[in-house]
Amino acid sequence: MNLRGLIPLFDDSVSTWAWEARLLRWLTLIWLCSGLVMLFSASYAVADAKYNDGLYYFKRQLLWTLAAWVGFNIIVNVPLRKILRTSPWVVILLLVLIFVTLIPGVGKTELGAARRLVGPLPIQPSEIIKPFLVLQSARLFGQWERLSWEIRLSWLAVFSLVIIGILAQPNLSTTALCGMTIWLIALASGLPYKYLGGTAVGGLLLAVVSISFKEYQRKRVMSFLNPWADATGDGYQLIQSLLAVGSGGRWGVGFGLSQQKLFYLPIQDTDFIFSVFAEEFGFVGSMLLLVLLALYATLGLIVALKAKQPVHRLVAIGATILIVGQSLLHIGVATGILPTTGLPLPMFSYGGNSMIASLISAALLIRVARESSEADVVPIRENGKDEEGTRHKVQSRRKPHT
């Protein structure tokens with residue numbers, strides 16, 4: 001592998017990529033740079049007050065971004081079949097770490113939830129596992145008809161344990177996102193509706209049971225229905241978020257001039273960073289962000305439709321759902337359309353784990369775009385079948401020697 005390609009913005013192979021892959025890379029860069037600028041504004045006042053360094057969060061986010069971008073460049077240059085082979089082991093490892101976070105003294109409790117491992121690096125397994133769930137779900141449902149029931153049930157059990165483990169932290173929002181992503185990948189694969197209907201009902205029942213037993217989740221739902229009933233308590237976050245969004249008006253108050261981020265709006269650098277964005281850039285800026293999401297989703301759909309293999313198609317669909325779907329859920333929470341949850345805005349919100357998960361998802365989508373458009377896939381039978389049912393000979397386009 002060319003080591004120069006690991007350095008951000010210095011991948012010499014980009015000019016040979018398919019147009020979808022190049023455009024997705026540029027959109028990712030625009031999204032990423034916009035997010036860093038927005039984080040600088042949203043976090044400066046809080047970081048200055050808490051650490052006497054207004055750049056405290058920004059500098060750490062920049063380091064995480066550089067590290068994640070190296071991983072991004074590795075993934076876009078590695079054949080997807082090799083990445084798919086590693087996904088089962090990564091999912092199992094992260095599943096174990098999710099349950100390890102539940103052990104007192106090993107998991108770090110923040111805001112009433114044990115989501116991180118204690119140590120020098122704030123590893124959050126429930127965040128990093130998202131793109132690998134996409135990979136493994138694509139492998140399972142893309143080959144569903146060729147797999148035995150033993151394999152099917154084994155992986156469905158693993159997915160169930162992931163959902164239960166994240167819910168036990170507790171982290172209802174991430175649980176819902178992971179569950180919906182797996183379910184939508186199964187739907188896209190053409191799985192029989194009798195299976196999809198049963199799992200959908202089971203998921204809804206699990207959510208109802210969780211809300212029934214977790215008082216803080218129940219309060220969040222009630223405050224979502226009428227935040228003004230407890231404006232200084234459970235409804236405070238949503239009200240402050242709505243004030244920020246409404247204060248932006250048409251054009252916004254200007255970059256860096258948000259008032260709500262000055263200790264009125266809680267968690268403004270993560271869970272409610274869109275509110276600060278909407279206040280500073282207004283309705284026009286918010287629409288531009290939604291246009292970016294729409295372009296990303298459209299390109300993701302084009303890549304999925306052009307994919308030559310079912311597994312690759314499902315990877316593209318899952319990565320698109322993860323990036324765009326999580327963004328829409330975050331925006332829905334900030335604008336009061338959905339109950340208050342703790343979902344970060346991909347590539348905007350502060351957090352190294354979220355940045356890693358987001359850039360891995362984007363890299364997987366770009367990798368599918370590259371393989372779908374830059375190679376002719378010819379199925380060749382070899383010993384009956386291989387991991388994906390057939391082995392494929394990839395004939396890359398090469399310039400003739402002169």
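Me: Buried means under 20% relative accessible area, exposed means over 50%, and partly exposed lies in between. Why does Lys-306 count as partly exposed?

Reply: This is a predicted model. Lys-306 has a relative accessibility of 38%.

Me: What makes Glu-20 buried?

Reply: Its relative accessible area is 2%. The cut-off is under 20%, so Glu-20 is buried. The residue lies in helix H1, residues 19-51.

Me: Why is the pair of Lys-306 and Glu-20 called a salt bridge?

Reply: The closest N and O atoms of the two are 2.5 Å apart. The rule asks for a side-chain nitrogen of Lys or Arg within 4 Å of a carboxyl oxygen of Asp or Glu, so the pair qualifies.

Me: What makes this pair a tie between parts apart in sequence?

Reply: Lys-306 lies in helix H10 (residues 273-306) and Glu-20 in helix H1, so the pair ties together parts that are 286 residues apart in sequence.

Me: How do you know that Glu-20 and Trp-19 make a polar contact through their side chains?

Reply: The contact is 3.3 Å. The limit is 3.5 Å, and residues adjacent in sequence count only if both atoms are side-chain atoms. This contact joins side chains, so it passes. The side chain of Glu-20 also makes a polar contact of 2.5 Å with the side chain of Lys-306.

Me: Which residues does Glu-20 touch, leaving aside neighbours within four places in sequence?

Reply: Glu-20 is in contact with Ile-302, Val-303, Lys-306, Ala-369 and Ser-373.

Me: How many salt bridges does the rule give?

Reply: The count comes to five. One of them joins Asp-53 and Lys-59, with the closest N and O atoms 2.9 Å apart. Another joins Glu-371 and Arg-367, again at 2.9 Å.

Me: Asp-53 or Lys-59: why is each called partly exposed?

Reply: Asp-53 is at 23%. Lys-59 is at 40%. Both values fall between 20% and 50%, so both residues are partly exposed.

Me: What makes Glu-371 and Arg-367 a pair about one turn apart?

Reply: Both lie in helix H12, four residues apart.

Me: Are Glu-371 and Arg-367 buried or exposed?

Reply: Glu-371 has a relative accessible area of 18%. Arg-367 is at 11%. Each is under 20%, so each counts as buried.

Me: Why is Leu-204 called exposed?

Reply: Leu-204 has a relative accessible area of 59%. That is over 50%, so the residue is exposed. It is found in helix H7, residues 193-213. Leu-204 and Ala-176 are 28 residues apart in sequence and 9.4 Å apart in space, C-alpha to C-alpha.

Me: How many cavities of 30 Å³ or more does the structure hold?

Reply: One. The largest cavity has a volume of about 70 Å³.

Me: Which helices each supply at least two residues of its lining?

Reply: Helix H4 (125-142), helix H11 (310-334) and helix H12 (352-373) do. H12 gives the largest share, four residues.

Me: How does the lining divide into nonpolar, polar and charged residues?

Reply: The lining has four nonpolar, four polar and two charged residues. Lining residues include Glu-127 and Lys-130. Glu and Lys count as charged, so these two belong to that class. Leu-322, Ile-323, Pro-346 and Ala-357 also line the cavity. Their residue types count as nonpolar.

Definitions and conventions
Residues are numbered from 1 along each chain as its sequence is written. This is a predicted model: local features need pLDDT of at least 70, side-chain atom pairs count only at pLDDT 80 or more; totals for chains, interfaces and linings use all residues. Side-chain values use heavy atoms; hydrogens and water are left out. On a 1 Å grid over the protein atoms alone, a cavity is a set of points where a 1.4 Å probe fits but cannot get out, and a pocket is an open set with protein on both sides within 12 Å along at least five of seven lines; lining residues have an atom within 4 Å of a point. Grid points are joined across faces, edges and corners, and a volume is the space filled by probe spheres set on the points. Buried means under 20% relative accessible area, exposed over 50%, partly exposed in between (1.4 Å probe, protein chains only). A polar contact is a pair of N or O atoms within 3.5 Å; within protein, one must be able to donate a hydrogen and the other to accept it, and residues adjacent in sequence count only if both atoms are side-chain atoms. Contact means heavy atoms within 4.5 Å.
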